[in-house]
Amino acid sequence: MTDKPTLCKRCAERLGLESDDGGMCEICGNVLERTELIDSIGPDFEYETFNVGIVMPDSAIEREAALVRENRLTGVRSFKTEFNKEIRAALSSRLGKRPDMESPDVTFEINFVKNRVFYNIKPMTIYGRYCKFSREIPQTKWHCTSCRGRGCKKCNFSGKMYPTSVEEIVAGPILEATRGRESRFHGAGREDIDVRMLGDGRPFVIEIINPKARSIDLREVEEKVNMDDRVSISGLEFCDKSLVEHLKNTKFKKTYNAHIDKKLTKEEISILESELAVEIEQRTPIRVSHRRSDKIRKRKVYKVIGKDNRTTELEIYCDGGLYIKELISGDEGRTIPSAASLLKKQLTCCKLDVLKIHYDHFR
Ligand SMILES: [Zn+2]
Ligand SMILES: [Zn+2]
């Protein structure tokens, strides 16, 4: 019996150990000599940068650690690090692509346990702003509440509550251009289905899962989306995924136009202009209480401008997160003050539009 381990040349040199010649390497099982897996890498999709991930059996990792411990080796680079570097260099020259360890377009997971290579494609994220001119479509796809998307009689076997959504109208041409598998839509907040989104639109990020083409013409995508007269988008640009969190976690101030169901007098309008522009205490509205926790929010209204047309309209500039329909109606005393409580009469917001989301896209 010899106490020399059996190692391949690479592993012996890396650890600086003497080894028995011949036989299977105790650490890596001579995986790098079996080149079929690495040779098979040749994606048929578009990417500029790549990284390599290696999956080896646990026993290999344990065996290497044991040898390091027994021989009191220090400063040893693991075989994973070393092989990774070697494979990266070889692939870079064969494929003519650039390695990127931070945020590659694709990671080649070379799995020596399953004897397969997996392509992990980085999702694409695209920023833009959308307007919605319809009072009949939601921002995102709503699964049918009866069948939860499987399809039933109630939803006409579509699995959806509404025939389409801003998300679907926007995603269509983008999925087509990128040949992606699916999309995820992240809006900076959302408006109710019956509320229009006007002005320069609401910021959003759309995420494309498994895109096969990355250098797409964003202006062309905009044109295609804008052929649908219910939605328009503008300012598409490629962005970092971190923008999603930023849009989700920031409350933006908004300007609304609220149509009141009654014609108010000049005096009544001037009362609202001066007395509604204050801090509002708003308990969770009855209509959303089934999905939002019941609490009291404090939000400011900064400015109210009355417009006296055939019916009265109020332009309201306020904090994000304030429910405007309830700011008008009072929601049975749950929103204080409200247009209704100030004028001591029943008022309803019969139509609502978002005129502006106060957000400047940072660069
Ligand atoms: Zn080895
Ligand atoms: Zn259904």
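Which side chain does a polar contact of 3.1 Å join to that of Arg297? The partner is Thr284, a polar contact being a pair of N or O atoms within 3.5 Å, where within protein one must be able to donate a hydrogen and the other to accept it, and residues adjacent in sequence count only if both atoms are side-chain atoms.

## Basis of the description

This is a predicted model, in which local features need pLDDT of at least 70 and side-chain atom pairs count only at pLDDT 80 or more, while totals for chains, interfaces and linings use all residues. Residues are numbered from 1 along each chain as its sequence is written, chains are lettered from A and ligands numbered from 1 in the order in which they are written, and side-chain values use heavy atoms, with hydrogens and water left out.

## Arg297

Arg297 belongs to strand β11, which spans residues 296–308; helices (H or I, at least four residues) and strands (E, at least two) are DSSP runs, numbered from the N terminus. Arg297 is buried but has no salt bridge, and Asp294, the nearest side chain of opposite charge, is 6.8 Å away. Buried means under 20% relative accessible area, exposed over 50%, and partly exposed in between (1.4 Å probe, protein chains only). A salt bridge is a side-chain nitrogen of Lys or Arg within 4 Å of a carboxyl oxygen of Asp or Glu. For charge, Lys and Arg count as positive and Asp and Glu as negative, whereas His and the chain ends are not counted.

Neighbours within four places in sequence aside, Arg297 is in contact with Ile280, Glu281, Gln282, Thr284, Gly321 and Tyr323; contact means heavy atoms within 4.5 Å.

The ideal angle for four tetrahedral donors is 109.5 degrees.

## Ile27 and the Arg14–Glu64 pair

Ile27 is found in the loop between α1 (9–15) and α2 (36–39). Ile27 counts as buried because its relative accessible area is 3%. Residues up to four places away in sequence not counted, Ile27 touches Leu7, Cys11, Arg14, Leu15, Ala60, Arg63, Glu64, Leu67 and Phe79.

Two of these residues, Arg14 and Glu64, form a salt bridge with closest N and O atoms 2.5 Å apart. The pair links distant parts of the chain, with Arg14 in helix α1 and Glu64 in helix α3 (residues 58–70), 50 residues apart. Arg14 is buried at 14% relative accessible area, and Glu64 is buried at 8%.

## Other salt bridges

The count comes to 28 salt bridges. One of them joins Glu18 and Lys4, whose closest N and O atoms are 3.6 Å apart. This pair links the loop between α1 and α2, where Glu18 lies, to the segment before α1, which holds Lys4, 14 residues apart. Glu18 is exposed at 59% relative accessibility, whereas Lys4 is partly exposed at 36%.

Asp228 and Arg230 also form a salt bridge, with closest N and O atoms 2.8 Å apart. Salt bridges that share partners join Asp192, Asp194, Arg287, Lys325 and Glu326 into one network.
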